[in-house]
Amino acid sequence: MSKQDGGQELISRRALLSMIGKVAGGSAMYTAMNAMGFAAESPYAGRLNLQGAPKGTTILVLGAGVTGLVAAFELRNAGYQVKVLEYNNRAGGRAWTLRGGDEYTELGGFTQRCEFDKGLYINPGPWRIPYHHYGILDYAKRLGVPLEPFIQVNYNAYLHSKKAYGGVPQRFRHVQTDYQGHVAELLSKAVNKNQLDQAVTTEDKEKLLASLRSWGALDKDNRYLASHESSGRRGYDVPPGGGLMPKPVPSQPLALSELLQSGLWAHLAQGNDQTHHSAIFQPVGGMDQIAQAIYRQVADLVQFNAKVTKIEQSERGVTVSYTDSAGGNLQQTKADWCVCTIPLSILSQIDITVGAAMLDAIQAVPYEASVKVGLQFKRRFWEQDDSIYGGISYTDMPIQMVSYPSTGYGSPGKGVMLGAYIWGPNAYEFTSLEPKERVRLAVHYGSKIHPQYLQEFETGVAVGWHRVPWTNGCFGNWSEAARTQHYKNLCQIDGRIVLAGEHASLIPAWQEGAVLSAHDAISRLHAQIKSKA
Amino acid sequence: MKAIIFCRALALQLGCATLLSLTPALVHADDPVLPPISEGWRFIEQDGPSLYRAICQGCHMPDGQGAKGAGMYPALANNPRLAASPYIVYNVLHGRHGMPGFGNFLSDAQVATVANYVRSNMGNHYSDAVSAADVAKLR
């Protein structure tokens, strides 16, 4: 205890933080998994209203993913003559949904045919849209794409570790309530024993204790016990009923030491990231729906099956060479300007006439490994047996998480779960396997959380992003050093070419990054074109 | 238990079908043969073929033949660029263009092992082996 200004007794904030840190910890895996979640609120400035395109000015857009589609839509609205070249036979890029009947051939020639029932799907790429991703949400709104809530945090989903609780998955509500309760009790004790020595005043101590009772579901004596307070959060052993049903029996909290040793607390903060806050959404019917809605606005501008092989510019214009996706039928097209949204993993292999600074930037960004597996089951056992409606269960097994569909609750028929969403070394290991082997492993590991898997599994699809023929990876994983050195150079207009995409944004891997990059790039391009006209 | 693990390891090396048929009593139906899989953010694989499968094969393909799509992955098979060992060691550690670096996931010995494997297999015959100490210098 120490005395500071005015003689108030203070508890050190640093001591508090350090104590919380010791209890809460934080693993390298958890940090790394969230490397793409650092972005804060979107600085979307509202709808573009570009006007006054010089008559007859042509712009070539390379790529019909979210960035390219947004660019084409807005540039045509501004009065430009726009053409879009796209490698795939569909629009949307990574805003992609696999449904029954879809066929997907990955690099190496491994072909999967998705056998899901009608209406069931998996999103191999983006799968959720935070409420503050104003740009992509605004396109959904103006184009009438219906959204529904995506369940991020489900208190009845599981947290699982191979080594903890004998491998038996624990309910999120138990882990969270008990973790908070124990930590609150510990802190209360420390406060009452005057063990915290600075920076929290005597007045604040009382408030702190009251807040800990509230936050931790403690009793009036600051104890965390089996009680109505704690069971109101974690659930009762015998829940309150009606009439002459038995009296409610509170449930017993998990013991502190075992809970800490379990490591399950590492998953509690997932929903605290702003990119995961409620409300968070998904388009009804699949993540490709927003991109498809934009595509319908510009479908007449888009040429599919076009593989860009060379991008040349002179003072007079841009010439792009392309073949069909198999490499035949070499053609050229010309435009006054070019918006190139090709992922840097691909663009770094294409001959492009830009300055050394932009070339260096194009080559500076590695693409991340990630794998998703979609599994169809004969029935929605997670709802019927486990009362889990949407949300995510986390595990320390290689599949890392499973997610339950945030739609179609209570349907009597089949259902599709996300059976794996993998990052890090396991993502490389899974990518190297044949698709059917990835599915087999996802079923094997998932059955440790849900034994019903073994009876109910029917069919699955698996996407390893390094095997995706049009991105060679999941997203542009900028290092801090590369950002400092190259990011501005990547985003500058080089002569008649500007680059855009999630890789040219500070919200990597999110569709919002794609939208904001498109808006920023074409606004600057438009200003430059007008200033030269 | 040790016998089971040993058989699984052998089964992976030799192709599981034959071996499984010889040792049915040792394998439970609900406990299938699994490939080696890492824990956390370090690769557990130690030998050349396993490291190649875990790290390289996803992009450069099972026989090192590379792949072509909108872009490409270069073939590692019969690749004269591998003549200079620092080239492959540096790229495994630090990445190259879109390729991620693996330095944080691997020990020096693992990097040396996978580099030596690639440089002496798949049609490559470079006999000057890389050591862990060589790798350390390029970190």
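## Asparagines with positive phi

N305(A) is partly exposed because its relative accessibility is 29% (buried is under 20% relative accessible area, exposed over 50%, partly exposed in between, with a 1.4 Å probe and protein chains only). This residue lies in the loop between β16 (302–303) and β17 of chain A. Strands are DSSP runs of E with at least two residues, helices are runs of H or I with at least four, and both are numbered from the N terminus. The phi of N305(A) is near 60°, a positive value in a residue other than glycine.

N329(A) also has a phi near 60°, again positive in a residue other than glycine. Its loop runs between β18 (318–324) and β19 (331–335) of chain A. N329(A) counts as exposed, at 53% relative accessibility.

## Basis and confidence

This is a predicted model: local features need pLDDT of at least 70, side-chain atom pairs count only at pLDDT 80 or more, and totals for chains, interfaces and linings use all residues. Residues are numbered from 1 along each chain as its sequence is written, chains are lettered from A and ligands numbered from 1 in the order in which they are written, and side-chain values use heavy atoms, with hydrogens and water left out.

The predictor gives the complex an ipTM of 0.89 and a pTM of 0.90. Chain B has an average pLDDT of 84, and 78% of its residues score at least 70. pLDDT is the predictor's confidence in each residue, from 0 to 100. Over residues 1–29 of chain B, pLDDT is below 50. Beyond near neighbours in sequence, that stretch has 15 contacts in the model (contact means heavy atoms within 4.5 Å). Where pLDDT is low, the predicted coordinates should not be read in detail.

K310(A) sits in strand β17 (residues 306–313) of chain A. With 31% relative accessibility, K310(A) is partly exposed. K310(A) and I350(A) are 40 residues apart in sequence, yet their C-alpha atoms are 5.9 Å apart. Leaving aside neighbours within four places in sequence, K310(A) contacts T319(A), V320(A), S321(A), I350(A) and D351(A).

The peptide bond from S278(A) to A279(A) is cis, with omega near -5°. A279(A) is in the loop between α8 (256–262) and β15 (280–283) of chain A.

## Nonpolar cores

The largest nonpolar core has 138 residues. Such a core is a set of buried Ala, Val, Leu, Ile, Met, Phe, Trp, Tyr and Cys residues joined through side-chain atoms within 4.5 Å. The residues with the most contacts inside this core are L62(A), I311(A), L347(A), I362(A) and L106(B). Helix α5 (residues 172–192) of chain A gives the largest share of the core, eight residues. A second, separate core of 46 residues includes L50(A), A71(A), L301(A) and I493(A).

What does L347(A) contact, leaving aside neighbours within four places in sequence? Its partners are I311(A), C340(A), I342(A), I352(A), I362(A) and L499(A).

## A buried proline in chain A

P398(A) lies in the loop between β23 (391–395) and β24 (401–404) of chain A. This proline is buried, at 4% relative accessibility. Neighbours within four places aside, P398(A) contacts I422(A), N426(A), F430(A), Y445(A) and I37(B). Its C-alpha atom is 8.3 Å from that of A427(A), 29 residues apart along the chain.

## Chain B

Chain B has six helices and two strands. Their order along the sequence is α-α-α-β-β-α-α-α. Of its 139 residues, 42% are buried.

Helix α3 (residues 48–60) and helix α5 (residues 108–119) of chain B cross at roughly 95°, and their axes come within 9 Å. Axes are lines fitted to C-alpha atoms, for helices over the stretch in contact, and angles run from 0 to 180 degrees between N-to-C directions. So α3(B) is roughly perpendicular to α5(B) (65 to 115 degrees; under 35 is roughly parallel, over 145 roughly antiparallel, the rest oblique). On α3(B), the contact residues are G48(B), P49(B), L51(B), Y52(B) and C56(B). On α5(B), they are Q110(B), T113(B), V114(B), Y117(B) and V118(B). The contact has seven nonpolar, three polar and no charged residues. Ala, Val, Leu, Ile, Met, Phe, Trp, Tyr, Cys and Pro count as nonpolar, Asp, Glu, Lys and Arg as charged, and the others, Gly among them, as polar.
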